[in-house]
Structures are given as C-alpha cells and as structure tokens.
Amino acid sequence: MQKYLLRRLLISIPVFFAITAIIFALIEIAPGDITDYFIRPELNMTDEAEEAIRARFGLDQPPVVRYFNWMLNVFQGDLGYRFTNGQPVAATINQRLSATVLLAGTALAIGAVIGVSLGIFTALRQYSLWDFSLTSLSFLGISIPSFVAGIIFLYVFSIQLGWFPSGGMRPVDQEPTLLTTIRHLVLPACVLSLAPIANFMRYTRFAMLEVIRADYVRTARGKGMTERRITWGHSFPNALLPVITLLGLSLPTLVVGAVFTETIFSWPGMGTLYLEAVNGRDVPLLMGMNLVIALVVLTANLLTDLAYALADPRIRYD
Amino acid sequence: MTNQTLSAAAPIPTLQQAQTAKADKNRVLRRFLRNWPAVISLSLVVIIVTMTIGAPLFQRYEYEQIDLRARAALPSAEHWLGTDRVGRDVWSRLLNGGQVSLVVGFGATLVSTLIGTVLGALAGYYRGWVDMVIMRITDIFMTFPSIIIMLTLAAMLPRSVWTIVFIIGLLSWTGTARMVRSQVMSIRELDYVLACRALGYTDVRIITRHILPNVFGSLVALVTFAIGSAILTEAGLSFLGLGVPPPMPSWGNMLEAARNLDILRNLPWMWIPPAIMLVLTVLAVNFVGDGIRDAVDPRMVL
C-alpha cells in the first residue's frame, strides 16, 4: 500500500516536468518574440537596446537554460512578474485562485450530492418513466456545452426574471456580505454543476445497477432485511466506489467549464485570468498558471488514487 | 515448395472472408436501421450538411453583405432570422457558419484520427519501449485539460480556420490512440498475422493491409463522437474570441455576440439560432455515433 502510493507519487514527478516543459516549448516555438512586448515601434529602438532588454530578462540564453532558470525560481517560490502590469505572478494567482475554488467547489458539491441522489433514485426504478426521463436529461446535460447553458441561464434567470445579478462576484455599490456573495454565486455554480450532475448520475446509476444484482444483496434480502437497510447499508457503500474516481476525474472538466462560466458571468477567477494572460501574451503569468493547473490536476489524481485505495480493501497494490 | 502450397491455399480463406465480411456489413446495417433515434439523427445530420454546403442555394443575401437600412432588424419575410447590428442577414450567417463548424469538425477529426491511429498502431504492434513511451505521452495529454493548451496555441499562432483545425486535431488524439492500441494488441496475436509474418510481409504492410482494416469498425463510432466534440471545441474557442476570425461566421463566434449583455437582452435572434443549431448538431452526431457503436459491436464501451 505504502509502496504503491510512493510509486504513484514518483510517477507524478516526471509527468509534472513534462507538462511544464511542453507548455514552455509551445510558447517558445510560437511565432513572435517575447521581447516584442517591450519594444515600442514608435521609439525606433536600436539593436543594442534590444539586446539589453534580452539580457535583462535573461532571454539571450538558450531555451533549455531558461526553462531550468524558471524552474529554479519556481522552487524558491518565485513565479516572476507579469508583463502587463508588473505585479508578482504568485500573488495574482493566489488572489484569483480562491474565487475559482469557491465556484468550482460549490459546483462539484452540488454535482456530487444531486448527481449521486438522482443516480440511486433512477437505479432503484430502472426502466420506469422517471428513469427514462432523467437518463435522457442527463444525456442532454452532457451534450450541452457550458457556454450555451451559461448564456441560457443568464438570459432566463438574470435578464428575464431578474432573480440573480448578471455577473461579477460582489455588488458595485456596497461591501460584499455572505448573502451578496451567495446571490452572485448561484447562477455560475449551477451552470458549472450541470455536467458534474449528469456525470455523477450516470456513474452512480450504473454502479448501483451492478451492485443490486450482486449475490450478497440477494442473501441480505433472503434473510428478510428491509429494503431500506439493503439499499443504504449494503448496496450504496459499494456503489460509491466508482464515484470516488469520478471526483478526481471531474477536475479537468471543471477547469475547462470554469474558463467559460467565469467568462460569461465575469467571475474574477482563474478562468478569466487565463484569458487575460492569453490575450495579453503575458508569458510569465501563462507559465505560472499552467504550473498551478498542472499541480492541481496531478494532486487531484493522486488523492483520488489514495481515496480509492483506502475505500476499497479488496484492492491490493503489490 | 512451401510458398506454392501457401499461395494455392490462399484464395479459399479470402473468399470465405469476403463472404462473411459482406454478411457482417448487412447485419451491421440492419442493426443500425433498427435503432430509430440514430436513423432520425442521421437524417438530421444529412439535412444540416446539405443546407450548409448548399448555403448559396438557400440564402437570399451573402453572409458578409451589409444592409445599413435594416440594422438589428427583427425576423421578417425579408430577413428570415433578422439581422445583426451592422445589418448582416442572420440566416445566411447561420448557414455559412455551419459550413465552417462542419469543416473544422471533420478536418480536426481527420488530423486527430491520423495521429491517434498511427501512434496507437505503433504502440500496439511493437509493444515494449515504443508502447511505453507513446502511452506515457498519451497519459500526459490526458491528465492536462487540453483546452488550456489550445487557448495558449490559439493566441500565439496566426488566426485562421486551418490553425483551429490543426490545434484541435493535434490535441484530441488520445482516445483514438488508446482504442487503436488495445485493438491492435489483441489482433496481432491472431494466427493470420503470424501467417503474414511467415510470408515475410513487412511490418508496414501487415499493419496497414491486414490489421488496421479490422480496427476500422470500432474506429467509425469513435470518429463520429470525435466530430461532435471537435465542433463543440471550435465553438468554445470561437466563443472566447480565440477561434475562427471574423468576418467569417461560425456558430461559435456568432454565439460570442451574446457575451454582450445588450445583444443578449435585446437581440435574441442573433444568438438563439446558432445555439440551437450547435446543440442539435452535436446531439444528432452523438446519437449517430451511439447507433454505429451499438451496430458494430454491442459490447464495446467507449
């Protein structure tokens, strides 16, 4: 068990370096020069001045050296400074990360609770009208992209009905309170939770259908156990196992969904920051954000495996 | 001597194979036709493809034609779906935008299927370190959300439809590679592959002429799903302003207009049609994919 976890941890390390290296390489081979950012055409800059800029940012060194310099700084907690406004990258990400964690965390919680409940509900009524309609709805939930769902929600619940604010995280004219934050959170969190609800429902339904046909459930029923105890005491815990995997697997989907949802609802999180970085060609910020996203995704995968190993004693890892 | 016996014996299994293959195809077709959601979806896809490819036949205005007297006009007999703020006909932009969406969907899928099939076949056929390296690369691409890399690439590369095709294709081959690998791995153990090797065929010939044709059936379903997801990805990138560059319309960049609260509120005919077409097309394509999958191999899970 410990050996297994250690091995998983060790495998994550090269993957981490590979991801950051790939992104570094992509930015490197893209046309255009990073120094373009500092060279104003109207200033008519000489070649020497350009070289001076290159030397100042360490851009005169070969890419491999620069990658390792960047990595060295990262391990000292220094992610560099933004091109666009000179603010430290780490502080910017830190500030925006909490907004996304709040949004994605709420969406994942909604998705897991509602999705798992619906999954059990439909599995216990297989082939009923409920089962049929909810399963079809979940197919729709997976097929509708988050930006279409976001626009529709915004149009219906904010513009037409006026129940919720159309964007941002806090009102402009007053200090944010818990209540205003919740009011701003509801719409984006609901949109972002659509795909998780559908996924959790399908997974749970499938797992539950497998479990309730198992021999030990029939035995329990044969002993005269009540249906309620069979469902909650025997089937449900085992059906939850694949759901744990889904928790970790949902993370990349949430990151992607967050980019769109945050854009539509002008939520000041990582998604909108990433677009700012991309549109402003803010290379240090881009690299820093990719690093954070890679870390989060890898940690989530690792935790998923850990949780799975802890939850299912049948699995041996030697 | 051995060569002679082999070549003499060769026609018989090929004939049988040909017959079973034909019977197989008929059975697959029958199974597909029994699946009515898939058949309806297929007809819908055919209609959409015809309408968008034949756009010049169904439109009354060019998609970039500006009508300054009818700016932001409501849907009418003149402009079936109204016009946008500079007076361009939404109906004709919808048809032409569909053309772009479909080109990206098919183009990107072609790229990703090529990459995925080549890598999957290499990994599955040669095993060993080739397999190890290719699968580790696949794992890396699978763990990291590919839209993130797509956004970075889309911002760095010159903007055009072909850039988008290339970017999406380059980053969506992992599923295909894994599927092809697992199929090739099991097929390469079959006796006829051993026979091919005994006949001294080159690896390239064995893979392309004798193994890959048998992977084809399962690949078709996967390709269908890939087209749907590529159409969505293009729409997503265009929605964020990083996809197909205007003035060329695509369903994604028509939807981008809805990011403007004023358009969202007051000009719903500008964004509701592309939203409906996008969801309808992708749903239909996925249903067709479902149907093909069930028809080709009912046990397969994608």
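Helix 3 of chain B has five named residues on its buried side: Ala38(B), Ser41(B), Val45(B), Ile48(B) and Thr52(B) are its buried residues. Viewed down the helix axis, these buried residues fall within an arc of 85 degrees, so they line one face of helix 3 of chain B. The face turned away from the buried side carries the exposed residues Trp36(B) and Ile40(B). The model described here is predicted.

The length of the helix was also checked. Helix 3 of chain B covers residues 36-53, which is 18 residues. At 1.5 Å a residue, the helix should span 26 Å.

The secondary structure of chain B comes to 14 helices and 0 strands. Read from the N terminus, its elements run α-α-α-α-α-α-α-α-α-α-α-α-α-α. Chain B has 302 residues, and 49% of them count as buried.

The largest cavity holds about 40 Å³ of space. The largest share, 3 residues, comes from helix 1 of chain A. By class, the lining has 7 nonpolar residues, with no polar and no charged residues.

Tyr127(A) has a positive phi of about 70 degrees although it is not a glycine. Tyr127(A) sits in the loop between helix 4 (89-123) and helix 5 (129-143) of chain A. Its relative accessibility is 71%, over the 50% cut-off, so Tyr127(A) counts as exposed. In chain B, Arg127(B) also has a positive phi, near 50 degrees, and is a residue other than glycine. Arg127(B) is found in the loop between helix 5 (90-126) and helix 6 of chain B. Its relative accessibility is 32%, which lies between the 20% and 50% cut-offs, so Arg127(B) counts as partly exposed.

A further backbone feature concerns a peptide bond. Pro246(B) and Pro247(B) are joined by a cis peptide bond, with omega about 15 degrees. Pro247(B) lies in the loop between helix 11 (203-239) and helix 12 (251-256) of chain B.

Cysteines were considered last. A disulfide is a covalent bond between the sulfur atoms of two cysteines. Over all chains, the structure holds 0 disulfides. Cys190(A) has a relative accessibility of 28%, between the 20% and 50% cut-offs, so Cys190(A) counts as partly exposed. Cys196(B) has a relative accessible area of 5%, which is under 20%, so Cys196(B) is buried.

Key
Residues numbered from 1 in each chain as written. Chains lettered and ligands numbered in written order. Predicted model: local features only at pLDDT ≥ 70, side-chain atom pairs only at ≥ 80, totals over all residues. Heavy atoms only, no water. 1 Å grid on protein atoms, 1.4 Å probe; cavity = no way out; pocket = protein on both sides within 12 Å on 5 of 7 lines; lining within 4 Å. Points joined across faces, edges and corners; volume = space filled by probe spheres on them. Helix = DSSP H or I, 4+ residues; strand = E, 2+ residues; numbered from the N terminus. Nonpolar A, V, L, I, M, F, W, Y, C, P; charged D, E, K, R; others polar. Disulfide = S-S within 2.5 Å. Buried < 20%, exposed > 50% of the residue type's maximum accessible area, 1.4 Å probe, protein only. Expected span 1.5 Å × (residues − 1). Arc of directions from axis to C-beta.
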